[in-house]
Structures are given as structure tokens and as C-alpha cells.
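I opened the model to look up a few local features. My notes follow the order in which I checked them.

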Amino acid sequence: MAGRVTIAQVAEAAGVSAMTVSNVVNGKPGASEETRHRVLEVASRLGYRPNVSARNLKSGRSGLIGLIALDLTSQYGLEILRGVADELADAEQELLVNASYHDAVREKDRVAFLGRGLVDGVLMIAPVLEDETVALLRRQSLPFVIIDPRRMDVPLPRLTVDNYQGMRQGTQHLIDLGHTRIAYLRGEDDLESSSVRFQGFEDAMRLAGLKVDERLVATCDFSYACGFRTATRLIADHSPTAIVAGADLMALGAIDAARALGLNVPTDLSVVGFDDLPQAAQSFPGLTTVRQPLHDMGQKAARALLSLIEGQKLLMEHMEVGTELVVRNSTAVAPRAGTPSPAT
């Protein structure tokens with residue numbers, strides 16, 4: 001059929017009214033199951049596609065969702081973005097993606113830009129959220145949801161994971177394997193989730209009757225390079241039998257640091273991460289880690305935003321999802337006392 005197929009043409013071929021076709025293709029009630037099936041079959045056969053621009057113009061919406069990511073290079077953010085995109089595709093919404101690249105001024109500018117009526121709502125992944133940006137978000141009549149904010153005290157709709165229980169579980173796994181000299185690579189100090197995860201580590205150690213050795217605790221920037229560099233120093237200077245890292249990239253750096261020092265993972269050193277990025281399953285050995293359901297987080301945040309756009313209220317402003325320990329081959333029973341230290 002030449003040209004764009006119209007609702008009237010579908011209605012004529014299906015033997016129903018144009019209003020019935022409109023209701024069916026837009027998911028509205030009123031048509032019988034038999035009629036709905038016939039309309040959809042005819043629409044598919046004729047190649048009918050809804051005129052999204054006309055529909056959005058009529059509803060006063062753009063059909064666009066704005067997303068501001070901390071950056072577009074980390075697998076962490078990309079996995080969340082993939083979940084967002086999948087959920088919005090099902091809702092026939094399109095994404096307008098921006099990145100702040102850790103720049104608080106750029107982040108605020110992006111929020112102001114999107115608030116000019118370009119989008120129907122905004123999602124933010126791991127934003128800096130300085131006070132001026134929080135105030136701007138609250139002033140704008142634009143629905144938004146924050147995913148994994150760097151600050152947990154912001155009075156905004158937000159979605160996080162249970163960082164505390166996740167890290168307690170990861171640490172307890174090592175304790176159950178007999179490890180007592182456990183080093184900890186914590187994330188950036190200005191990131192509140194880093195503090196929460198470290199609290200989970202400390203509490204797991206304390207409840208097991210183990211003392212946290214401050215010499216075995218170091219701060220890192222979530223990167224592989226920092227994980228490698230910092231773990232090299234900790235292993236060479238203090239000979240832990242296990243390392244817990246606040247992110248998978250740091251843990252993968254620690255595995256390679258052990259290998260560079262002539263140690264075997266997990267025979268000589270066990271390593272636990274946090275995230276379950278795709279690289280965790282692809283590394284050798286496979287990384288034992290605390291899984292954040294990143295794809296699900298993106299989907300859940302997108303669903304919450306769509307509800308806000310439709311004028312619905314969220315049941316709770318702070319949504320939290322659970323974590324799961326994924327045991328692979330980077331952890332094993334603690335080596336017996338007397339195992340030689342790595343060469344320095």
C-alpha cells in the first residue's frame with residue numbers, strides 16, 4: 001500500500017470505526033478481545049505505524065526522556081542505561097542522553113537545559129548533586145528520578161542498592177572461608193555509598209570477633225589502575241590473605257597485582273568485588289562479587305519516572321533494591337599460617 005497507512009484505512013480493512021482502531025493501538029479499553037486481535041492483525045499486515053509526533057502534540061508531551069549520566073565510558077553506567085533504554089522502548093519513549101563527566105557546573109547546566117520543555121522527565125545516574133542543582137530540580141515542574149546519587153540525604157525521588165548488606169555478605173563470605181587478615185579497598189571518600197559499604201565491612205568483621213587493621217584499609221578511585229597500584233602496596237607491605245574491593249574494577253586490578261607479585265588467586269589471595277560488571281564473569285579467574293542488578297535498576301527507575309509523568313505518586317521517595325553474592329573462582333579457603341610472603 002503506497003504512502004503512509006492511516007487509521008481510516010486500518011478501520012476500513014478491519015470493519016470497525018477509526019475510534020476503535022485508535023483505542024486499540026493506544027492500549028485503551030473498550031474493544032473485545034476478538035476485535036482487538038483483528039485490528040492489530042490488520043494494522044500489522046498493512047504496515048500501520050502510529051504517528052508519534054501527532055500523538056505527542058495532542059498530549060502536550062515531547063515523547064522524550066532526558067538522561068544525565070556521570071560519564072559514558074564506565075560499564076556501570078552503561079548497564080544502567082541499557083535497562084533504562086529497554087524499559088522506555090516498551091513505552092515508546094525516546095532517550096536524549098547527556099553526560100556531566102564529574103563536572104558539577106556542567107551537570108547543573110544540563111538540568112537547566114532539559115528543563116526548558118525539551119523532555120517529559122529526567123533520569124540522572126550517579127550525579128554529583130550540589131545544593132544549587134538540587135534546588136533547581138525542585139523548582140522545575142519536571143518529573144525526575146535519581147539513580148545511585150553520590151549523596152543519600154537529598155530529598156528527591158531516588159533509587160539505590162542495599163550497599164550495607166551487600167558488603168556485609170561479601171565480607172562474611174571471606175570470613176566463612178577462614179580469612180582473618182582481610183584488606184579493604186574503599187571508594188572515593190565523597191561518595192556516600194563508599195562509606196555505607198565500608199560500614200558493612202567493619203560490622204561483618206566486628207561481629208565475627210575480628211579487628212579491622214587500619215594498615216589494610218586504603219582509599220581508591222574505583223579504577224582498575226588504582227586497584228592495581230594500591231593492592232600491590234598492600235600485598236607487598238602487609239601480606240593479607242584476602243582483599244575486598246568496593247568496585248569490580250578495583251578488584252580486577254587487585255587480581256593482576258597479586259599475579260604480578262607471583263601470587264596465585266585464589267590459592268594465595270582471595271578477592272571479592274562489588275558490582276558484577278560483565279568483566280567479572282569474563283576475567284580469569286572469574287571474580288566473586290556482590291551483584292548490583294544494574295539493568296533492573298535502570299528499568300525500575302524508568303518505570304518510576306513514567307509513573308510520575310502520568311501524574312501518579314510514588315509509594316516511597318527512596319527506592320532500594322537488594323544485592324546478591326555471586327561466588328566464582330577468585331575466592332578459596334584461607335591459606336594456612338606459614339605461607340611465604342610475596343617477594344618485594
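Where does P285 lie? I found P285 in the loop between α12 (278–282) and β10 (288–291). Helices here are DSSP runs (H or I, at least four residues), strands likewise (E, at least two), numbered from the N terminus.

Ground rules next. This is a predicted model, where local features need pLDDT of at least 70, side-chain atom pairs count only at pLDDT 80 or more, and totals for chains, interfaces and linings use all residues. Residues are numbered from 1 along each chain as its sequence is written, and side-chain values use heavy atoms, with hydrogens and water left out.

**Backbone**

I checked the bond from F284 to P285 and it is cis, with omega near -5°. The V265 to P266 bond is also cis, omega near 20°. P266 sits in the loop between α11 and β9 (270–275). Most peptide bonds are trans, and most residues other than glycine have a negative phi.

I then looked at phi. D148 has a positive phi, near 55°. D148 is in the loop between β4 (144–147) and β5 (158–161). D148 is buried at 8% relative accessible area. Buried means under 20%, exposed over 50%, partly exposed in between (1.4 Å probe, protein chains only). D275, in strand β9, has phi near 150°. D275 is buried, at 8% relative accessibility.

**Rings**

I looked up ring pairs (Phe, Tyr and the six-membered ring of Trp, centres within 6.5 Å; planes under 30 degrees apart are stacked, over 60 edge-to-face, the rest tilted). The count is four aromatic pairs. Y184 and F198 form a tilted one, 5.3 Å centre to centre with 55° between the planes. Y184 is in strand β6 (residues 182–186) and F198 in helix α9 (residues 192–207), so the pair ties together parts 14 residues apart in sequence. Both residues, Y184 and F198, are buried. Y184, F198 and F201 form one aromatic cluster.

I also checked for charges over rings (NZ of Lys or CZ of Arg within 6 Å of the ring centre and within 35 degrees of the ring normal). R186 lies over the face of F198, 4.6 Å from the ring centre. The charged end of R197 sits over the ring of F274, 3.9 Å from its centre.

**Helix contacts**

Which residues of α1 meet α3? I listed Q9, V10, A13 and A14 in α1, which meet R38, V39, V42, A43 and L46 in α3. Contact means heavy atoms within 4.5 Å.
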